[in-house]
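Hi,

Here is the structure I said I would pass on. Have a look at it first, and then read my notes below.

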Amino acid sequence: MEFTFNRRIVWMSPWSRSLARIISYSFLIIVLGATAAFLISESSRFHWLGILLALFLIDYAIHFSSSHYKVSQLFAGKVPQNNVALCLNRQALGALTLALERALLMREKFYLVLALFLLEKDSIAKALEKLEINISEFKNKLEEEIEKTSGQEKISLPELKEAVKDLVTQAAFISKFHLEEEINLESLFCALFLSDDPSLKKILDLFSLTADDINAAIVFSRFAFGKKSLLPATLGGFALRKAKIKSHRVNRTFTSRPTPFLDNFSVDLTDLARRGDVGFLIGHQKEYERMINILSGEGRRNVLLVGEAGIGKESLVQHLAFQIINDNVPAPLFDKRLVKLSLEEIMTGAGIEELTLRLRKIIEEIVKAGNIILYLPDIHLLAKTSQEGAFNLSDAFLPIISSSLFPVIGATYPKEFKMYIESHSNFASQFEVIRVEEISLNEAMTLLTHEALLLERRYRVSINFSAIKQAVFLASKYFKQTPLPSSAENLLKEALSWASQTQEKVVDKESIIYIAERKINIPLHRTKKEEAEALLNLEDLIHQSLIDQEEAVKAVADSLRAFRSGLARKGGPIATFLFVGPTGVGKTELSKILAKINFGSEESMLRFDMSEYQEKSSIVRFIGSSDGKIVGSLTEGVSQKPYSLVLLDEFEKAHPDVLNLFLQVFDDGRLTDGLGNLVDFQNTIIIATSNACSLFIQEQILNGKKVEDFAQELKKKLAEFFKPELLNRFSDIIIFKPLSLADIEKIAFLNLKKLALTALEAQKIELVFDEKAVKEIAKRGYDPVFGARPLRKAIDDNIKSTLSKMILSEKVTSGSKVLVSVDDNHQFTFSIG
């Protein structure tokens with residue numbers, strides 16, 4: 001649409017504007033005087049004229065501050081010449097006019113002057129306070145920028161008119177986004193910061209703000225300073241723009257019929273919309289417009305909404321109900337009732353005969369009523385009944401749906417759509433499928449800001465905008481198993497609940513981070529001094545549990561430091577490593593340590609034996625089947641634990657097609673499962689282990705070479721097992737050296753220390769190992785081929801076995817001290833102290 005800006009009073013000179021006001025106010029005084037005179041006149045003719053003038057004055061007073069036309073009328077093409085100026089309310093028009101007057105008179109930047117004028121308004125100040133901005137500082141920066149260009153601004157009147165038109169047009173779009181019917185002060189203020197003015201952008205950067213922050217935060221200003229009483233009871237109330245209308249079961253032309261039996265199993269969404277309970281919608285405009293086009297079109301008028309739980313399917317349908325009661329729908333949908341039918345209630349306690357009777361009566365009432373749009377949430381329940389051997393509801397509904405006697409909206413989830421509906425082609429073909437996508441971050445922030453107003457009242461806790469922004473950001477990054485806005489809403493509510501319990505008065509950014517960290521068990525806050533020191537000395541921390549393998553430890557530590565400092569590569573996993581080396585040298589042990597350090601527990605490790613995926617058909621077990629009947633072990637595992645370490649043991653043994661799956665995972669941090677859902681790997685560390693080229697590594701080490709001396713040659717040899725494009729996608733290929741007997745002794749000492757700690761905690765027994773015992777265990781547990789693998793069995797056979805018998809026979813009791821040593825025959829001795 002092409003918009004214009006034409007409001008004569010804006011472009012008048014100050015003298016002309018003052019004269020116009022004097023004339024209009026004088027006329028108003030004359031009319032007031034005439035009205036009073038006529039009302040007290042004894043002449044009935046003049047008395048009625050006085051009443052008429054009084055009604056005119058009352059109407060004038062009521063609409064004095066309002067715009068001439070509504071924003072919805074502007075975008076419907078019902079405003080003359082698409083003149084955006086006619087949608088400005090009086091306050092916005094006044095501020096715009098005064099700012100223009102000063103800018104022209106003082107030759108200052110118009111945008112900066114207008115921003116300064118608007119900052120004086122309480123509602124704007126409230127929005128900035130929610131952004132945790134010091135109003136005085138913000139005002140000072142604006143004045144400084146104005147002072148820099150005062151008397152120097154050179155802009156022609158035509159250029160200024162074009163700038164004003166662009167600004168007010170942008171404000172009209174913002175008002176539409178916020179469901180406002182007028183262009184108000186808040187919309188103008190937001191539009192300023194969406195402009196390309198370099199001075200305003202500089203101020204935003206100075207206060208670490210974005211235009212989207214201000215756009216979302218202005219929602220707070222609508223209910224600032226004594227306007228809390230205007231808050232609706234529910235989120236749907238934000239959409240309500242007209243007086244409440246009594247519910248009716250027939251249309252306004254009385255050509256429809258009531259539906260008493262249907263009402264027993266359904267909810268009338270149009271009734272809920274009239275009460276202001278439902279109807280609020282942010283985002284999903286494309287899906288909504290397509291749904292409207294289908295429902296009001298010719299032929300098949302059935303829609304199937306497919307999307308994850310909490311993504312907004314119900315909100316789309318409820319918004320349609322709201323638009324119906326506002327008469328803001330195409331003619332075929334005018335004056336309809338949108339009825340939500342509960343399939344579960346219909347089926348509850350009904351045999352086949354009763355179920356058939358219920359369906360027949362419901363359908364008869366809908367057809368006779370003639371004004372119903374039927375909404376079937378969980379529509380997959382219809383098709384599911386046939387697979388469970390029960391009465392096939394989908395076949396019962398099919399003739400009615402295919403006849404197009406009334407529009408039908410169905411809703412389901414992607415998995416259920418694949419499993420129950422897509423396979424039932426006759427049923428699926430009756431619907432136009434609309435995929436409901438996740439709303440954007442900015443839309444989620446705006447929606448959550450509206451909800452925050454209601455949550456503040458419920459929890460009696462103030463919510464800063466930084467909390468809303470952080471909730472949306474963290475939810476989109478770390479809680480992707482639930483789509484926006486539900487994931488961010490859940491996070492904010494948990495923070496509010498925590499604040500109520502701890503008697504905190506304000507929920508801010510740090511509150512959200514604390515709750516998120518508690519849920520996912522990984523650090524999200526800025527690195528503190530103690531933590532920074534631990535990260536700087538990460539190698540020492542790892543070596544408390546891992547012996548040798550200096551190169552491997554350093555590479556892993558460097559990767560973790562990059563991640564915690566915010567320098568890790570965007571768009572992929574946190575890190576992807578290929579651990580190469582002989583068996584039993586610490587590859588799995590380092591993986592466990594890494595899981596514990598970065599994700600808080602070894603339980604955060606997802607382990608896969610890749611030798612189980614040697615066949616091409618095993619891909620299905622890895623990512624799931626297309627019909628949803630087989631759940632993918634990898635995709636489902638990461639969906640359930642999105643912040644985890646993924647360990648892929650014996651990577652080289654997997655089928656080449658299985659290995660190809662990881663090209664996308666290593667590159668983009670995403671993998672599509674069998675159902676077509678994207679699984680996010682961006683919060684995972686992926687480690688693939690391999691024994692490939694182990695003999696080559698051992699030979700090079702025995703020949704006295706260092707790892708860096710043969711690393712490049714090893715990578716060439718690895719190309720015999722893995723495609724070069726796969727090898728190149730690893731963050732690092734880490735070579736593990738064979739362990740010496742001295743290394744095994746150190747590992748034995750660590751393992752025996754753990755055993756002693758277990759004995760002390762479980763049985764209150766002090767277990768001590770002398771140096772000879774440690775060396776003997778290391779000797780018995782050492783194998784040049786299997787590394788430290790036999791060590792655990794050596795400890796079990798020689799220490800645990802004997803000690804457990806002594807405990808059971810009560811030779812060793814709680815409080816005892818046991819010294820383990822070795823005699824001259826290399827046999828272990830257990831001395832009880």
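L441, A444, M445, L448, T449 and A452 in helix α23 meet F465, I468, K469, A471, V472 and S476 in helix α24 (contact means heavy atoms within 4.5 Å; helices are DSSP runs of H or I, at least four residues, numbered from the N terminus). This is a predicted model, so local features need pLDDT of at least 70 and side-chain atom pairs count only at pLDDT 80 or more, while totals for chains, interfaces and linings use all residues. Residues are numbered from 1 along each chain as its sequence is written, and side-chain values use heavy atoms, with hydrogens and water left out.

Back to that pair: α23 (residues 441–459) and α24 (residues 465–478) pack at about 135°, and their axes are 9 Å apart. That makes α23 oblique to α24 (oblique is what remains after under 35 degrees, roughly parallel, over 145, roughly antiparallel, and 65 to 115, roughly perpendicular).

Next, find S591, which sits in helix α30 (residues 587–599). Is S591 buried or exposed? With 0% relative accessibility, S591 counts as buried (under 20% relative accessible area is buried, over 50% exposed, in between partly exposed, using a 1.4 Å probe and protein chains only). Its side chain reaches the backbone oxygen of K587 at 3.0 Å. Leaving aside neighbours within four places in sequence, S591 also touches F579, M605, L645, L647 and I687.

Cheers

Methods
Helices (H or I, at least four residues) and strands (E, at least two) are DSSP runs, numbered from the N terminus. A polar contact is a pair of N or O atoms within 3.5 Å; within protein, one must be able to donate a hydrogen and the other to accept it, and residues adjacent in sequence count only if both atoms are side-chain atoms. Axes are lines fitted to C-alpha atoms, for helices over the stretch in contact, and angles run from 0 to 180 degrees between N-to-C directions.
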